[in-house]
Amino acid sequence: MIKFLDLEKINNRFRVEIDTRIKTILDKGWYLQGDENKKFAQNFADYCGVKHAWGVANGLDALTLIIRAYGFGAGDEIIVPSNTYIASILAISQNGATPVLVEPDINTYNINPDLIEEKITPRTKAIMVVHLYGQAVQMEKIWQLAQKYKLKVIEDAAQGHGAEYRGRRTGNLSDAAGFSFYPGKNLGCLGDGGAVTTNDEELYNKIKALANYGSDVKYHNLYKGVNSRLDEIQAAVLDVKLKYLDADNQKRRQISEYYRQNIKNPLITLPQTYDEKAHVWHVFAVRTPERERFQKYLTDNGVQTLIHYPTPPHKQPAYTEWNTRSYPISEKIHSEIISLPISPVMTDTEIQQLVDIVNAYK
Ligand SMILES: *Cc1c(COP(=O)(O)O)cnc(C)c1O
């Protein structure tokens with residue numbers, strides 16, 4: 001069977017290093033807000049090319065805390081792509097602000113920069129871009145709009161660790177970025193984890209305090225904060241895995257290139273990239289008109305697949321107020337998209353088998 005993502009195999013590559021780091025934590029007996037967090041935050045900030053990074057409990061919290069720290073709430077609007085994972089939108093809703101959905105570009109699956117300006121109102125406070133499936137958003141136009149209308153730009157970088165736009169990595173393409181280290185992400189820990197990156201020192205200090213009960217100094221509460229921390233064990237695991245992220249992303253790029261050169265089936269639309277460095281192939285999403293039939297065919301041939309995502313946010317029961325709206329490009333994507341296995345631990349045999357199976361689909 002070709003697994004969608006063999007997490008056991010992925011993490012077992014680092015077993016010795018991870019065991020050693022966890023042993024050190026057990027020996028020291030310090031589990032939260034310690035040296036491991038400081039070390040990982042510094043290394044992750046350096047990796048992204050930003051001044052500051054800070055670990056939080058998960059990706060949703062990272063985004064929620066950024067919006068909260070900027071003070072965006074009731075009456076404020078934040079622009080976000082209509083085909084994103086629900087967490088990007090929840091981060092806005094949780095703060096009481098209004099998500100304003102903008103359709104994606106059918107070729108990149110990322111927010112269509114040409115459709116943003118018409119959605120800007122006097123209430124608009126920020127544009128949240130999402131590097132969906134691992135491809136960095138083409139930022140130029142978005143930066144220009146942000147400057148023109150004095151908006152903040154926020155990245156949801158949960159799927160884009162290491163992707164580059166014009167020589168800069170995600171996490172360093174905006175005012176502040178939220179990352180997720182959910183196990184299946186390109187940089188994943190052994191449970192939940194997330195981080196915020198920013199060059200804004202004031203924002204960084206505020207997020208650190210907000211995530212720790214609103215406390216700037218121990219037992220002094222500046223804000224009505226929350227508890228959203230990255231465990232020392234998860235920080236240590238991430239610090240080990242960060243060293244291998246570029247190599248893992250490179251392997252994903254090689255597989256993607258092989259798929260894009262060798263999958264030749266008129267029923268399958270392959271994903272595209274505007275620049276090989278821009279994409280880290282968190283997901284290799286193809287489109288096909290009879291998606292359910294294709295998925296069953298792959299299952300019958302021993303290939304595991306996933307759908308990112310089967311239902312667009314505006315059709316979710318949680319957002320009934322949007323259910324009658326129409327976002328035709330998102331709806332087309334959501335009805336046709338299916339993700340093929342791609343991961344740094346796939347073997348050459350599996351890669352070739354997958355190509356052959358997909359090419360034989362009629
Ligand atoms: C995974 C993901 C998140 C949420 O991350 P968690 O760590 O699961 O909270 C947010 N946005 C996108 C695009 C994601 O893929």
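A: Happy to! One term to begin with: a residue is near a molecule if one of its heavy atoms lies within 4 Å of it. Also, keep in mind that this is a predicted model.

Q: Good to know. Which residues surround the ligand, then?
A: The ligand is surrounded by Asn-58, Gly-59, Leu-60, Tyr-85, Ala-87, Val-130, Asp-156, Ala-158, Gln-159, Ser-180, Lys-185 and Gly-193.

Q: What does an oxygen atom of the ligand have 2.6 Å away?
A: That is a polar side-chain atom of Ser-180. Gln-159 also takes part with its side chain, where an N or O atom is 2.8 Å from an oxygen atom of the ligand. With Gly-59 the backbone is involved: one of its polar backbone atoms is 2.8 Å from a ligand oxygen.

Q: And how much of the ligand's accessible area does the protein cover?
A: On its own the ligand has 380 Å² of accessible area, and the protein covers 90% of that.

Q: Which pocket does the ligand sit in?
A: It sits in the largest pocket.

Q: Changing topic: what order do the strands of the open sheet have?
A: There are seven strands, in the order S1-S9-S8-S5-S4-S2-S3, and the pairing is mixed.

Q: Why is one side of S1 and of S3 left without a neighbour in the sheet?
A: Strand S1 (52-56) and strand S3 (98-102) stand at the edges, and each has a single partner strand, so one side of each has no neighbour in the sheet. From one strand to the next, the twist averages 20°.

Q: Do tell me about one pair. In what sense do S8 and S9 pair?
A: Strand S8 (residues 176-180) and strand S9 (residues 194-198) are antiparallel, and five bridges link them. For instance, Ala-176 has Thr-198 in S9 as its bridge partner. In general, strands of a sheet pair through backbone hydrogen bonds, either parallel or antiparallel.

Q: Now the backbone. Which peptide bond is cis?
A: The one from His-308 to Tyr-309 is cis, and its omega is near 10°. You'll find Tyr-309 in the loop between helix H10 (291-300) and helix H11 (328-336).

Q: One last thing: what is the phi of Arg-166?
A: Arg-166 has a positive phi of about 50°, although it is not a glycine. Look for Arg-166 in the loop between strand S6 (164-165) and strand S7 (168-169).

Technical notes. Residues numbered from 1 in each chain as written. Predicted model: local features only at pLDDT ≥ 70, side-chain atom pairs only at ≥ 80, totals over all residues. Heavy atoms only, no water. Pairing = 2+ DSSP bridges. Helix = DSSP H or I, 4+ residues; strand = E, 2+ residues; numbered from the N terminus. Axes fitted to C-alpha atoms, helices over the stretch in contact; angles between N-to-C directions. Polar contact = N/O pair within 3.5 Å; in protein donor to acceptor, adjacent residues only side chain to side chain. Areas by Shrake-Rupley, 256 points an atom, 1.4 Å probe, with all protein chains shown as cover. 1 Å grid on protein atoms, 1.4 Å probe; cavity = no way out; pocket = protein on both sides within 12 Å on 5 of 7 lines; lining within 4 Å. Sits in = over half its atoms within 2 Å of the grid points.
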